[in-house]
Each structure stands twice: as C-alpha cells, then as structure tokens.
Amino acid sequence: MNRFCPICSKTVSLDEIKRYKTCKACYDKEHPLFTLGKGSLAIQICPTCMRYRSIDEEDKAWNVPAVKAYKEVWIQAIYQFIVARIPGHEKLDFFIDFKHEPGVLDSGRKKVVWLELAGRERDEAEPREATAMVQLLYSVGTCNECAQKRVGYHNSVIQLRAGMKRAKSDAMIEQMRHDVELLAAQTHFHGTAPVTSIERVPGGVDIKLASKKLGKVVAGQLRKKYCVGIKESFKLVGVDKGTGADLTRQFYGIRLLPFFPGDVLLLPRSGEPCLVLKTTSAMIHLLSLASGKVEHAKPEAFTEESIVFRSETDQLSQFQVVSLDEADGTMNLMDLATYEERVEALRPWLGVEADGGTITGFHFADSLYLIPLAPGDVDAHVDASCGGGPDDGGGDGDGDGAGDEEGSGADGPGE
Ligand SMILES: [Zn+2]
Ligand SMILES: [Zn+2]
C-alpha cells in the first residue's frame, strides 16, 4: 500500500509519515532546524591585541579573544554574534567549515570570509542536520586601548607645583609625589602600570597616569591632605576611530599653597597677625596673636605678602617668665638674647600659669606678639567655649589639628 505526503503527494514510508506526518523534505521545509537572524557579520579586529567587535552592535564594545589568531577570532565572533542568537541554538551542535579565506595579499579594507555553518540536533537518535552559508566581513582597526596607548600611554597628568618658593616646598612636593605613587600602587589599569612616567620639571613634578579615574582620585586625596589649589583642564589628543568620540587627556594643576602651621599671617579683614594652626585646601585655621581668638579664612584670602613669619626659617625670640603679677594682670619677661626685661599683659589664652618657664614671640610693626604655650589647646578651648557645636564642623577634635572636618566640603562655607 502506497502512502503519500499530504503536501507534495510524494510517496512516503510508514516511518516517515509516522514521524513527520509528511515527507521528510516537506517537514524540513516547514520546520527549519535553525534560521539565521542575518546571513552576514561585519567585525573589526585590532591588529595589535586582536580584540574584536561587531560593528553592527549598538555599543560597539571590544571583546578579548580566547586565542589571539585571526581564524580563532572569526570563530569566536561567529559563535558570539550569530550562533548564540539562533533560537533554540542550545539544542544543536554547530560546525564551521571555511569555504573561502582571504589571502594575506588581499587588498581592500574589508576582507571577506565565506563559511558554511552546519547545525545538528544533539539528543536525537536520527539527528537532523542543516547548513547555511554565512559571510564574514572583517576589517582591521585599532581598539580604544591600543589607540590610547598610542597617544602616549597616559590619560591624566598630575602637575605638582610649589605655588611660591618656600624652604619647605621641595620636601612637600616630594611627599605629595610619594602619596601619588602609593595611591597608584593600589590600582590597576588594564594590566598596565598605573603610573606611566614621573618627570621633574621647573617648579615641580609631572606625574602621568594611565587612567583618568585615577587622576581624579589622586587630585581629591591631595586636596584633602594638603593645602593646595587645584585647576582642572583637558586637552584633545585625538579621535576614537571606532566611535568618533574625542579622546581627551585630563590635567590637574595642583599648586601647593605656601602656608604652613607655625607661620604667622596677617588676616586681611582685621590686619592682625595670626598663627596658622592647621591648613587644608578649604580652610586655614588661625589663632589671632592680638586677641587670642580662633579665626578661619580660605587660603585664597592670603598672598605671599600676608606671611609675616615663616615657621621653618624665621627665628622666634625666647623670653623667660621672670614673675607674674596677677593683681595687675601682667608678667615680667626677660629676653634671653639681650637680657632686657619688659612687661606684658598676662592673657589667659597664652597659657602662662607660673614663672620660671619660657615663652616665645616675634616682633612685628613695633609690637611683640607672644605665641601661646599650647596653641592647639587654645583652638580646642575656643571652639568648645564658643558653642560651635555640630554646625561648626569641628569641635570634636583634640586640638592637635588632626581633625578631618574638611573632608566633605571641599569648597567650604563662605567667609
Ligand atoms: Zn512532501
Ligand atoms: Zn588593541
């Protein structure tokens, strides 16, 4: 007895009609084993590192190949961009048969590879198999990583400079450089060294970093730790061939401000000499040597002319406290260099409680300004007694200037 396919009327076997309800050819036509979303794929391969990407993808992301050889990259790209997107691909085994490979001498930007993609059912006793031709077009293009390396291997530059020459500046710049290296050592940049060069330049040091992010982190940390002014800028260094986006290099001009604890500065709003207790990029904490009041001012409020005493080079005069006259509120001091005696007001914030000790001071504009015996204590005492409390941002410190209240507000409150 003859059986016929209900679609094409061809004679079919009992097995065939049982399994497919039609002839096998008609079944295959009605139920293709797999269909390709697209019969072609265009990829770009970086000749330096063999990363590849599909130029049809929206994100145009570069992929790292498992094996750095052209044919392996083709296969990986076919699986990633074609096979993995075939509906039901996980039930099939795929095989790639290269039918045409471009010769090494093939000219043209786009090279053509033809291949036959075969899929075979995995778990069937009589697995069906189907094939499809796929065209692979590939061109050579430098990936972002390699392009960035080519523009000089660095994407941000930390420029450390001494704002004004001070005896301490070189050592401070050196300490900042050391800090940058320590921070960099905690990071990685795509397997390359995070610091690509350190160069001494007139007035400072240039540190070139592979990543932009590290530049930002470093600048932020230096701002927290030191009293610096930071200018940020960028330079166009090229165009990303793949995305057309601008490639830029970030610059952080970090100027060390020449104000250090122990200096005496003239406070602009009062003209009083003030001892620097603590410096940060946001704020200088001072103690007025005229009134004993704690003052705060932004570093920008001061210039080199504001400095009337330099802690590391200028000498303080030493005085012995000869006697105290608490009824008068005075004390007798003897200059230890000249043995001349003088009477000075016994101000509580100077911290002089007994005779016999020494106190230092310096002469400015025909006056002697005494330095409190424990300036840090005055700071803590005044902060607390002023009831500065939480909105003062400080007050919890122990007065040694090691507090960290500037951490959150880089620009600080207005003065
Ligand atoms: Zn048929
Ligand atoms: Zn590359």
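1. Strand E3 covers residues 40-45 and is joined to E4 by three bridges, the two running antiparallel. Strands, of at least two residues (E), and helices, of at least four residues (H or I), are DSSP runs numbered from the N terminus; two strands count as paired if DSSP finds at least two bridges between them.

2. This is a predicted model, in which local features need pLDDT of at least 70 and side-chain atom pairs count only at pLDDT 80 or more, while totals for chains, interfaces and linings use all residues. Residues are numbered from 1 along each chain as its sequence is written, and chains are lettered from A and ligands numbered from 1 in the order in which they are written.

3. The sheet that holds E3 and E4 is open, has five strands in the order E4-E3-E7-E6-E5, and shows mixed pairing. Its edges are formed by strand E4 (52-54) and strand E5 (92-100), each of which pairs on one side only. On average, neighbouring strands of this sheet are turned by 30° against each other, direction ignored. Axes are lines fitted to C-alpha atoms, for helices over the stretch in contact, with angles from 0 to 180 degrees between N-to-C directions.

4. Helix H3 (residues 70-81) lies across E3, E4, E5, strand E6 (111-121) and strand E7 (129-140), and runs at about 130° to E3. Contact between two residues requires their C-beta atoms, placed from the backbone, to lie within 7 Å.

5. Strand E10 (residues 204-209) pairs with strand E8 (residues 156-162) in the antiparallel sense over six bridges. Within this pairing, Ser156 has Leu209 of E10 as its bridge partner. Strand E9 (residues 195-201) also pairs with E10 in the antiparallel sense, over six bridges. Here Val201 stands opposite Gly204 in E10. The hairpin of E9 and E10 has two residues between the strands, and in it Gly203 takes a positive phi near 85°.

6. Gln320 stands opposite Met334 in E19.
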